[in-house]
Amino acid sequence: DAHAGDFDGGGTGFWCGNRDVDENPGTDPDWVLTPSAGTALVFGGDVTHAGLAVDNGYRAVLVCSFSTRTSVSNKDRLHGLQAPPQVSPNFKGSM
């Protein structure tokens, strides 16, 4: 691995329970995944997860988030975990 030794620690922690787990679980994760450089993790955003601290060195991570709403989603999931967008009265485009 070309990046071996660039950092220690880090990874993505996952907790069992999904929506039954507080967003700040206060316990160690049930699983920690540490993918190799150049790979990706893809999972549903409703899975309780967190990026873990790098203990030493530097690690760059690209994070993408996609929020969807389905017929079984809670009504407040319309805009994911963010507030609905605010549109200026001067906006002439479409949303």
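What pattern does the protein follow when read along the sequence? In this predicted model, the pattern is β-β-β-β-β. The protein has five strands and zero helices.

Burial and surface were examined across the protein. Of its 95 residues, 11% count as buried. The exposed surface comes to about 8,100 Å². Carbon and sulfur atoms supply 52% of that area. Contacts were then considered by sequence separation. Among contacts in the protein with a separation of 6 or more, 58% join residues 24 or more positions apart.

Strand β2 spans residues 12–14. Thr12 lies in this strand. Thr12 has a relative accessible area of 17%, so Thr12 is buried, the limit being under 20%. Neighbours within four places in sequence were set aside for the contacts of Thr12. Strand β3 covers 31–33 and strand β4 covers 49–51.

Aromatic pairing was searched over the whole structure, and one pair was found. Phe14 and Phe43 form this pair, in an edge-to-face arrangement. The ring centres of Phe14 and Phe43 lie 4.9 Å apart, with 85° between the planes. Phe14 belongs to strand β2, whereas Phe43 sits in the loop between β3 and β4. The pair therefore ties together parts that are 29 residues apart in sequence. Phe14 is buried, at a relative accessible area of 8%. Phe43 is partly exposed, at 33%.

Key: Residues are numbered from 1 along each chain as its sequence is written. This is a predicted model: local features need pLDDT of at least 70, side-chain atom pairs count only at pLDDT 80 or more; totals for chains, interfaces and linings use all residues. Side-chain values use heavy atoms; hydrogens and water are left out. Helices (H or I, at least four residues) and strands (E, at least two) are DSSP runs, numbered from the N terminus. Buried means under 20% relative accessible area, exposed over 50%, partly exposed in between (1.4 Å probe, protein chains only). Contact means heavy atoms within 4.5 Å. Accessible areas come from the Shrake-Rupley method with a 1.4 Å probe; for residues, only the protein chains shown count as cover. Rings of Phe, Tyr and Trp (its six-membered ring) pair if their centres lie within 6.5 Å; planes under 30 degrees apart count as stacked, over 60 as edge-to-face and the rest as tilted.
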